[in-house]
Amino acid sequence: MKEILSIKPISLELNESNDIYMLLNIGILSNVANYNDAQFTDEFIEYIVSNKDTYIGLPLQVNKEKLENAEYDNLTHELVNGKLMTESIGSFVDFWTETIDDATVLMGSVKIWKRYPNTCSAILELYENGDLESSCEVMIKEYKEITEDGIRIIDHADGSNAFIGSAIVSNPAEARAKATLLVAEAYEKDLSIKDEEKGDVNVAEKEVFNKGHKIQYKGKFETASLKYSEISNQIYNKLNPINAKTNGRQYNYYIHTIFNDHVIVEDWDDYEVLFKIPYSIENDEVIISPSDQWEQGKLGFIPDNTTELTNLLAEKEKELVQAKEELATMKNTGTNEEIDFEAKINELNDTIVVQAETENKLKAEISELASDVEDLKKYKEQVETAEKEAEITELSNKYSKLLSEETFKSEDVQNAIQELNSEKLNEIVVNEVTKQKTEVEVASKQNNDVIVVASKQDDLIVKDKREFWASPRS
């Protein structure tokens, strides 16, 4: 099993005014076998860098409609009848190499046109969430070699094999095909982020989301369009805002538990300080209640005044005992101060009554909290069932794209999905790919052109290379 490697974005930088384009640096391909079992040689990569003038101007493609409608899980090369149907949103202006995870990676710098503001906004969102990934498009005439374990070696082949562009996709075949730098000049006006420069920390210095704490979700979320992760991301970003000018973030709170109408957060610098913050969702936007509606407490969310009332009651009871002991002593000595002590006892008794009422009220609140806990226990099984159903849906969506319809509907696959057995599903995918390798090897031996796209799919054979180059591209 190959080790899956990935790159986290390095920085997001807003530069001086430029209303024409955003500058994006991305990893394109590497000299290590990708998830499609395609491996590019150092010669192939070096040829592109040495002859960059030939490749400058090649497009960055995407399905604009899906991207602007936030269909981020369904971005592909849109290969239909041998034609790539995506649209151009920018062009490459430079190429170079970097060493990443011991691999030589072909890097590219792309100018993304700001004539499509919704496209730019979607790209910024993907970038800030660490989900902006690309997939290269390469015209293949022949393979240099197909190894015994099925790795297809691709070299320059005197120009027969050529890099022709990249596309923003959901499932890249190259683990290193991540955006590493996004310079969104003069895009501040489109971000609508408040100018809060004081106390900011550069985002790159604290890359771990939510301080590394796993967020818990409790209750039933009645929203058809927002995922749990989208709700938590909105809450996190509103509580810890980013300054668009400085790329600095104010780290105030990290999320402990999200309920369907409130969130429990912990102070970023003091884990013992918690807040219960009400929120609502309107038009797919999380609305955080004003700070004067927040309630401060401690772990388990016991209100802060509980301990203080209990201690006060204990002190008053102690004073009563002491007063009774002093009265008993005065009676034994026959002193005339007995009346004064009795008055003090009456005063203390009155105080005890008041404190007892407070205690009863507190106990009622605790009982109510205990009732809430019991209610949550009742929903536990429902939540667990819902989470399993969500995992089953996620596996179904994932493996329906990786397997043929017949294989996907087989009893083995469906049982593995119900059992959440990813290992078994991966084994079935491997068997399916192995079964198709014969067709790939046959295709590679023919003289026809082959378009290899670096998203997770089979080889796509085009009958006539001239027919491909004649096909329209947006």
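Helices (H or I, at least four residues) and strands (E, at least two) are taken as DSSP runs, numbered from the N terminus. On this basis, the chain of the predicted model has 12 helices and 25 strands. The chain comprises 474 residues, of which 41% count as buried. Among contacts between residues at least 6 apart in sequence, 68% join residues at least 24 apart.

Aromatic side chains were then examined. A pair of aromatic rings is described by the distance of the centres and the angle of the planes. A search of the whole structure finds 11 aromatic pairs. One of these is formed by F40 and F44, with 5.1 Å centre to centre and 40° between the planes. F40 and F44 are both buried.

Another pair, Y253 and F275, is edge-to-face, with 80° between the planes and 5.8 Å centre to centre. This pair links distant parts of the chain, the two residues being 22 apart. Y253 belongs to strand β18 (residues 253-258), and F275 to strand β20 (residues 270-282). Both Y253 and F275 are buried.

Beyond these two pairs, a single aromatic cluster is formed by Y55, F92, F95 and F163. A contact of a charge with a ring is also present: the charged end of K64 sits over the ring of Y116, at 4.5 Å from the ring centre.

Methods:
Residues numbered from 1 in each chain as written. Predicted model: local features only at pLDDT ≥ 70, side-chain atom pairs only at ≥ 80, totals over all residues. Heavy atoms only, no water. Phe/Tyr/Trp six-rings, centres within 6.5 Å; stacked < 30°, edge-to-face > 60°. Buried < 20%, exposed > 50% of the residue type's maximum accessible area, 1.4 Å probe, protein only. Lys NZ or Arg CZ within 6 Å of the ring centre and 35° of its normal. Contact = heavy atoms within 4.5 Å.
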